[in-house]
Amino acid sequence: MTAAATVALLQVKNLQKYYGSTHVLKGMDLEIKTGELVSIIGPSGSGKSTFLRCCNRMEDASSGAVLVEGQDIYASGSNLNHLRERVGMVFQAFNLYPHLDVLNNVTLALRQVKKLGRAQSEVVAMEALKRVGMDHKARSRPGQLSGGQQQRVGIARSIALQPALVLFDEPTSALDPEMVGGVLEVMRELREDGMTMVVVTHEMGFAKAASDRVVFMDGGVIVEQGTPTQVFDSPSQPRTAAFIAGIGSRTV
Amino acid sequence: MQLEQLIFTFFNGEVAVRYLPQILKGAVVTVELGLVIIAAGLALGLLLAYLRSLPSRALRLLITIWVDILRALPPLVLIILFYYALPFLGVSLSAFAATWLALTLVLAAFSEEVFWAGIESQPRGVMEAARSTGLTHTQAMAHVILPQACRLMIAPLTNRVIAITKGTAYGSVAALNEILNEATSASSFAGNPTPLMMGAVGYLVIFLPVVIAGRTIERRHGAGRH
Amino acid sequence: MDLIVQYFFNLEVLKEVTPYVLAGLWTSLKISAWVIPLGLLSGLLVAMAGFLVRNRLVRALLVVYIDLFRAFPPLVLLIFLYTGLPYLGVELSPMGCVALGFMLNNSSYFGEIFRAGLESVSRGQHEAARSTGLTRFQSLIHVEIPQAVRNVFPDLVSNMIEVVKLTTIASVVSVPDMLYAARTAQSMLYNPTPIVLAAAIYLALLWPLVMLLNHLETRQRRPSAGAA
């Protein structure tokens, strides 16, 4: 448990989302404190990814408020691009730029958004790549890397901007099983360094071992949240218990 | 230029009525020509693609050379060759025939490439399966491979067909009495560009629906390549 | 057979007309050198506008623009401008009409190609770029357009070849391109050898490009292992 400040980095208040007439998010309330790693688990279709993407406005909520560092990102006139300097995202499909090498994948935003010079952006990028263990592949193309390596570069691309918060959207779901461990290891190390992280995941082992808090979502609402021990070992809600029991019978 | 003047010049009702029959005759020629080009060009292209699938190396080489040449030559040059040069050899083609022949050969060349792409894009296994049930090469091509190739290639084909049939306007250079020719001669006769405007509208009436239909087809069947 | 040589490959005539036809070739090349870059640029701008502009009216107008100039035969457009503009009091040289006509036509054809190219880039690329704070414009320039061009490169080359072939319509409005030179020579000497010469030059110029195009198209259909 990190002895972090009690400042809420991310506050979500009554977030609602409709796709047409389908009510996908039915009033979500959540607070993420600086330095926390919060895992969001739940069955498919529960709205986990949608919720995450509403937090950096990759998708827009229908109503409700999301405050990042105290500012409502849905207020009119809020700058999306500034928001994304503070809130990074790691994608299930990695989404590396295939026409750029690894280093340029990371430096692109540093140059264009942070306005760093080429030399300085490369220094910052190499540091980020080193943190994820991919500095030796700086000149490789994404197509030459394995899935796990690509995802690590994806993480570097996000953390190079030194965001306050990084959102992970099922970061290991598209990986072959033998590569999952490597990426989770990187994520654990980031947490040790004090990075604030929200992770939507199916990796229950990771959720249990590495999170400060676990949030169980189902049907567009937060059913239960608490420490890993609370949620996994003694859930208070029957739906939570059913979900945990169901996945418990599968190998993690 | 004021609106009244503009209308008097380009949308002159009197002139329009006087020359409408002439423009319409030209439109008929344009449409007829377009249709026979499409029919003959696609048929020839399909035939060439089939011939290319036969095991003769010489035939394949001949076809690829022939097709490449027709893809490299400007259609206008071909039309001029057929209409103005052939008579020197004693071969006199009408303006319609010369335009039709040139554009048909060009469409055949481009559509052969498209059909061939459609044939090649199918996995080997499909042909093998067909042959394994006793079908001859020709039967397999006719009943299995070519129909599927046609379906796959509708989108890129539509584009090509539109581009080439617009070339019917080139026939005006061979004094063919299609829309452009009728429109320009009517305009100079009347000293007023309204017939030209009518011609332009005529082309749009013919080709705009085709372009829009083409886009719908592309959307539905995917843009071919990626 | 003799007839063919006499009228299609007449050496005497060739000696006389070759310099003239080559001068026309130079003009044709100059025309191409102008209209192709202009067409590519305007097409790219049209495609970018389609992606960046959210105003419904402007988007609708763009679609109308593109469809209009894809449906309009280029020769008709050229004649229309050449004959019609003077009535509007606009004095545009034949070359000017050619340039304008080609730009209108090319911007819509290249615009369509670039648009298809941009659509072929997966949404995830755009999201990744935006997620690191890049603006829509920056994402287009640095991430999406480079990939779009790669994806539709054969289509771009194919259309560029078409544009070179299309320059022959300039001859109809008396711009002294290669076809115009050949036709004038033919009517003066009453021998179609100049036209055969022009055809042969077009062949020599464009056949290699067609073969390159074949190679590009085949490579795109069956990407070899290792091509990232």
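Let's start in chain B, where B:Thr194 sits in helix 10 (residues 194-221); helices here are DSSP runs of H or I with at least four residues, strands are E runs of at least two, and both are numbered from the N terminus. This is a predicted model, so local features need pLDDT of at least 70 and side-chain atom pairs count only at pLDDT 80 or more, while totals for chains, interfaces and linings use all residues. Residues are numbered from 1 along each chain as its sequence is written, chains are lettered from A and ligands numbered from 1 in the order in which they are written, and side-chain values use heavy atoms, with hydrogens and water left out.

Back to B:Thr194: it is buried, with a relative accessible area of 2% (buried is under 20%, exposed over 50%, partly exposed in between, using a 1.4 Å probe and protein chains only). Not counting residues up to four places away in sequence, B:Thr194 touches B:Phe8, B:Thr9, B:Phe10, B:Phe11, B:Asn12, B:Val15 and B:Ala16, where contact means heavy atoms within 4.5 Å.

Chain B has another threonine to look at. B:Thr168 is in the loop between helix 8 (154-165) and helix 9 (179-190), and at 0% relative accessibility it counts as buried. A polar atom of the B:Thr168 side chain lies 3.0 Å from the backbone oxygen of B:Thr165. Beyond four places in sequence, the contacts of B:Thr168 include B:Thr30, B:Leu33, B:Gly34 and B:Ile37.

Now for some helix packing. In chain B, helix 2 (residues 13-52) and helix 3 (residues 57-72) pack at about 145 degrees, with their axes 9 Å apart; axes are lines fitted to C-alpha atoms, for helices over the stretch in contact, and angles run from 0 to 180 degrees between N-to-C directions. Helix 2 of chain B brings B:Leu48, B:Leu51 and B:Arg52 to meet B:Leu59, B:Arg60, B:Ile63, B:Thr64 and B:Trp66 of helix 3.

Over in chain C, helix 2 (residues 11-52) and helix 3 (residues 56-71) pack at about 150 degrees, with axes 10 Å apart. The two chain C helices are therefore roughly antiparallel to each other (over 145 degrees counts as roughly antiparallel, under 35 as roughly parallel, 65 to 115 as roughly perpendicular and the rest as oblique). On the helix 2 side of chain C, the contact is made by C:Val46, C:Ala49 and C:Gly50, and on the helix 3 side by C:Arg59, C:Leu62, C:Tyr65 and C:Ile66.

Further along chain C, helix 6 (residues 123-131) is mostly covered, with eight of its nine residues buried. Those buried residues pack against helix 1 (48-55), helix 2 (80-86), strand 6 (87-90) and helix 5 (147-159) of chain A, together with helix 7 (136-166) of chain C. After helix 6 of chain C comes C:Gly133, whose phi is positive, near 95 degrees.

Finally, chain A. A:Leu10 is in strand 1 (residues 8-19) and is buried, with a relative accessible area of 2%. Among the contacts of A:Leu10 beyond four places in sequence are A:Leu30, A:Ile32, A:Cys55 and A:Leu165.

Notes: A polar contact is a pair of N or O atoms within 3.5 Å; within protein, one must be able to donate a hydrogen and the other to accept it, and residues adjacent in sequence count only if both atoms are side-chain atoms.
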